[in-house]
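Visitor: Please pick one part of this model and look at it closely. Then show me how the rest relates to that part.

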Amino acid sequence: MNFEKETLKNREFLKAPWDKYEKDFENFKTDQEKGFQIPDFVKKPGNNSKLIDLITFEKFPVITKNINELIMSRKSRRVFTEEEISFEKFSVLLWITNGIKSIVKKDGENIRHFRTVPSGGSRHPFETYLYVNRVEFLEKGIYRYHPDINKIELIKSGDFEKEMTEAALDQHMAGKAAVTFIWSVLPYRTEWRYSVLSMKTILIDVGHVCQNLYIGCEALGLGTCAVAAYSQEKTDKLIEVDGENEFAVYMAPVGNIK
Ligand SMILES: Cc1cc2nc3c(=O)[nH]c(=O)nc-3n(C[C@H](O)[C@H](O)[C@H](O)COP(=O)(O)O)c2cc1C
């Protein structure tokens, strides 16, 4: 492979796509413009899954921290203590990173929703999976967050330290953390609206999600580190997604700071 050529080719992906296809798009319509059904904005829980209520936003502790100090102290933290993190802090972090603030309905149908992070076209194409290792009240396992009902769903219980570490290409912090956030994308949620123009937007979106995790952790006395170097296949297998219509895009271990 000619890596120089490949690098230049991949660089194109960083550029704004909006007027690139103008000529080809004279007769082009997105699925939204064709009147196709809007995709679900969250995944539904599986039949008979175990669902656990999270603490609601109204009951969260009031955190009063100086934003300048928060930003100044934010940094990537890779070493954590053996302590568990409280269920309250865990609930706050889920809400901060992808909580739903409001839903807009038209003719009884959900047409748009707003979350705690911005997203191109308000499409919010991500699901949050959690490798839970040491979180108060929770058994170890893989979970998924359901922001529409403020619950988490147990996908599978067990100790997945080895699988999580391998999925993170032997970055041990991912397996040793109290909890590791793994974000998957369902690209069609954005493609329904933006078609071939979606990909850059999706990756910018996920950066916002992780940045909220950094700031949330900093405010709660916890630490995190963004992780983009991971095994696609092993991570998708761990969170049980098909790797095509849904696949992992980013992860971040969280723990008490050493
Ligand atoms: C997109 C992205 C991917 C990253 N991937 C990794 C990673 O796989 N492993 C890691 O240890 N740090 C990773 N980091 C953390 C960076 O190394 C870190 O942000 C950088 O060194 C600057 O340090 P700071 O976050 O403390 O300011 C990543 C950060 C970003 C934004």
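Guide: Strand β4 (residues 126–132) pairs with β7, antiparallel, over seven bridges. Two strands count as paired if DSSP finds at least two bridges between them. Strands (E, at least two residues) and helices (H or I, at least four) are DSSP runs, numbered from the N terminus. The model is predicted, so local features need pLDDT of at least 70, side-chain atom pairs count only at pLDDT 80 or more, and totals for chains, interfaces and linings use all residues. Residues are numbered from 1 along each chain as its sequence is written.

Stay with β7. Phe126 has Val185 as its bridge partner in β7. Strand β9 (residues 247–256) also pairs with β7: seven bridges, again antiparallel. There, Phe181 stands opposite Ala252 of β9.

Now the burial of β7 (residues 179–185). Seven of its seven residues are buried. Buried means that 20 or more other C-beta atoms lie within 10 Å of a residue's own; 12 or fewer means exposed, anything in between partly exposed, with C-beta atoms placed from the backbone. Val179, Phe181, Trp183 and Val185 point one way from β7. Thr180, Ile182 and Ser184 point the other way. Both sets are buried.

Beyond its neighbours within four places in sequence, Met251 contacts Thr180, Phe181, Ile182 and Trp183, among others. Contact means backbone-placed C-beta atoms within 7 Å. Its list also includes Ala168, Ala174, Val227 and Tyr230.

Take Phe90 next. It sits in helix α3 (residues 87–98). Phe90 counts as buried because it has 25 C-beta neighbours inside 10 Å.

Val227 has 23 other C-beta atoms within 10 Å, so it is buried. With residues up to four places away set aside, Val227 touches Ala168, Gln171, Ala174, Met251 and Ala252. Val227 is also one of the residues around the ligand, along with Lys75, Ser76, Arg78, Gln171, Cys225, Ala226, Ala228 and Ala229. A residue is near a molecule if its C-beta atom, placed from the backbone, lies within 6 Å of it. By class, this shell has five nonpolar, two polar and two charged residues. Ala, Val, Leu, Ile, Met, Phe, Trp, Tyr, Cys and Pro count as nonpolar, Asp, Glu, Lys and Arg as charged, and the others, Gly among them, as polar.

Step back to the whole protein. Of its 258 residues, 38% count as buried. Among contacts between residues at least 6 apart in sequence, 72% join residues at least 24 apart. The C-alpha trace spans about 60 × 55 × 40 Å along its principal axes.

Technical notes: Contact = placed C-beta atoms within 7 Å.
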